[in-house]
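This report describes selected elements of the structure shown below.

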Amino acid sequence: MTETKAPIVSMRGITKAYGGVQALKGVDLDIYLGEVHALVGDNAAGKSSLIKTLAGAVRPDAGTITFEGREVRIEDPRDAKALGIETVYQDLALADNLDVPANVFLGREITRRPPFGWFLDNRAMEERARGLLARLKINIPNVRLKVRAMSGGQRQSIAIARCVCFNARVIILDEPTAALGVQETGKVYALIREMRDQGCGVLLISHNLNHVFENCDRITVMKTGSLVGSRRVEETTQDEVVKMIVSGTADPPRAAGRPQPLAQPG
Amino acid sequence: MRASAASPHGGLTAKVDHTLFVVVSRLVAIIAIVTVLAIASPHFLTWGNLVNVSRQASLQFLIASGLTIVVLTGGIDLAIGAILGLAACLSASLIVQGHVFWGIVSALASGLACGTVSGTLITYGRIPAFIATYGMLWIAHGLGYVFMEGEVIYGLPDAFRFIGAGFVGPVPVPVIVAVALLVALHVMLHRTVLGRAIYAIGGNPAAARLSGMPVRRRLIAVYALSGMLAGFAALVAIARVNAADSSLGEDLLLPAIAAVCLGGTSLFGGVGGIAGTAIGSLILALVVNGMNLLGVETFWQNGVMGAIILASVLADQLGGSRLIGKR
């Protein structure tokens, strides 16, 4: 993996109002490949709205998104997926009544060859799902079980694995560990770091600064719909980030100028 | 759950864990009903009566099959009986004039059209399924009345009546038709893109939408299919009774819902299957037949049916609650 200078995604001036409530007031955000980027801030800071505009779940009122240097329009989830932007939603967007392969391939089922294109190739989906779980070191002995029967960590892993399966370039996670225990949280972050090391750009929302400092490369703070500041993890401290979250103001970053992408690990 | 490892490949959607409880409990129920009726009535185990029950169950299944698919998506189609009635009138009027082919086409096409309108109102018009199909119920019903002007059509040609009243060897044709439809719909639900979408939409509509599934298109297809199956059931129904009038479909909706519930399909969507509805239809036919044989008054029959439906849903809640889960 070579060092990547330009961000893969640049959001500029993203604005969104719900009725009279200004959820986003012209937010800029860059995402780099090979980096885990944490989005933090109080409730109603606009974090979820911002990632939803990138995921195609919400249409911004104004602002531009460029992907690999080209300006793109993301009007629904399919547009985002077509670009390689995959999203893992907070409420685990899995169909509980289906098994693991069905969930991994939800909406993108592998079908038989024409003229049987309406028929599912369940065998192929099962084999690929098994291979995927093995590659990501996710331990689910029986993939034919309904997802409902699985632990929160396993379910979150399936939701994340689904992104990888379709060659995601950018993965967005909305509080991926909010509902998980300590051990499961560790596993999910290991998976997130694994995806970063495989070259994906990761954007995640978290309320737990310990997790953020342990697992992320860059931290961006938002408050009431505006960007407060963006820091690389090694340039800042938890105290500074907490101050930014609470006060909504930032001292100039110690390393001057635009944030630079990290060198790739390994 | 252990059954999932043993089940043949591909049947991997919402059937295994929940179905184990449903299948066992329903088989026990069928055996119990048959045993009681065999002892209580000397007429029950006669060939003629069993043919009658199987035909009744088959027709019930045809009517409830489309509803099952709609219910699996978490929706409801209240219009199936009325669509059946309208389709029966249109097709019967053509068939008595000798246009058997066009009669069949008109039944299927009118059902398809009504279902497509319902589905479009529900998806693009954002009207709840309950309201949209309730409106469609009255529209189809009204069109049937207008078309028939109070007349009754009877005396259909024998060649056509074969699908409702004929036999292949000892087996009534409606039974063969119902079994063929059961297999076709089971394959559709578990082996096709549409079937996967039906379970996904019923299990988690938001997940289905966010996964990029064309949810609205799939739902319209489901309601269209439900309407078309009601039209198909109309053909078998008029072939069996050799007549059609505008009130034909009036009393068919609630037993169809009963057959779906008895079959263990959750009205919240995502859980159940078409095989359950076949079993539910059989139980319903057995119970009605038994009450008739035993001379239970009509007034009591409705109450008994209601109690059976509630008991079956309650049993699923208690016996299978861990498996059915909450949403």
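In chain A, six strands form an open sheet of mixed pairing, in the order β6-β7-β8-β3-β9-β10. Its edges are formed by β6 (85–88) and β10 (226–232) of chain A, each of which pairs on one side only. From one strand to the next, the twist averages 20 degrees. Strands here are DSSP runs of E with at least two residues, helices are runs of H or I with at least four residues, and both are numbered from the N terminus. Two strands are said to pair if DSSP finds at least two bridges between them.

The model is predicted: local features need pLDDT of at least 70, side-chain atom pairs count only at pLDDT 80 or more, and totals for chains, interfaces and linings use all residues. Residues are numbered from 1 along each chain as its sequence is written, chains are lettered from A and ligands numbered from 1 in the order in which they are written, and side-chain values use heavy atoms, with hydrogens and water left out.

A:A38 stands opposite A:L204 in β8(A). Helix α8 (residues 238–247) of chain A lies across β3, β9 (218–223) and β10 of chain A, at about 20 degrees to β9(A). Such angles run from 0 to 180 degrees between N-to-C directions, with axes fitted as lines to C-alpha atoms, for helices over the stretch in contact. Contact means heavy atoms within 4.5 Å.

A second open sheet in chain A has four strands in the order β2-β1-β4-β5, with antiparallel pairing. Because β2 and β5 (70–72) of chain A stand at the edges with a single partner strand each, one side of each is left without a neighbour in the sheet. Neighbouring strands of this sheet are turned by 30 degrees against each other on average, direction ignored. The table lists two pairings of β1(A).

| Strands of chain A | Sense | Bridges | Bridge partners |
|---|---|---|---|
| β1 (residues 9–18) and β2 (residues 21–31) | antiparallel | eight | A:S10 and A:D30 |
| β1 and β4 (residues 62–67) | antiparallel | five | A:T15 and A:A62 |

The hairpin of β1(A) and β2(A) has two residues between the strands, and A:G19 there takes a positive phi near 60 degrees.

A:D42 lies in the loop between β3 and α1 (47–55) of chain A. With a relative accessible area of 40%, A:D42 is partly exposed; buried means under 20%, exposed over 50% and partly exposed in between (1.4 Å probe, protein chains only). Not counting residues up to four places away in sequence, A:D42 touches A:K47, A:M222, A:K223 and A:I245. The C-alpha atoms of A:D42 and A:N167 are separated by 32 Å, and these residues are 125 places apart along the chain.

In chain B, B:G272 lies in the loop between α12 (253–262) and α13 (274–293). B:G272 counts as buried because its relative accessibility is 8%. B:G272 and B:T68 are 204 residues apart in sequence, yet 8.6 Å apart in space, C-alpha to C-alpha.

B:F162 is found in helix α7 (residues 158–165) of chain B and, at 40% relative accessibility, counts as partly exposed. Together with B:V168, B:V171 and B:I176, B:F162 forms a nonpolar surface patch with about 300 Å² of accessible area. Areas come from the Shrake-Rupley method with a 1.4 Å probe; for residues, only the protein chains shown count as cover. Patches are made of residues with over 30% relative accessible area and no salt bridge, with nonpolar side chains (Val, Leu, Ile, Met, Phe, Trp, Tyr) joined within 5 Å and like charges within 9 Å. A salt bridge is a side-chain nitrogen of Lys or Arg within 4 Å of a carboxyl oxygen of Asp or Glu.
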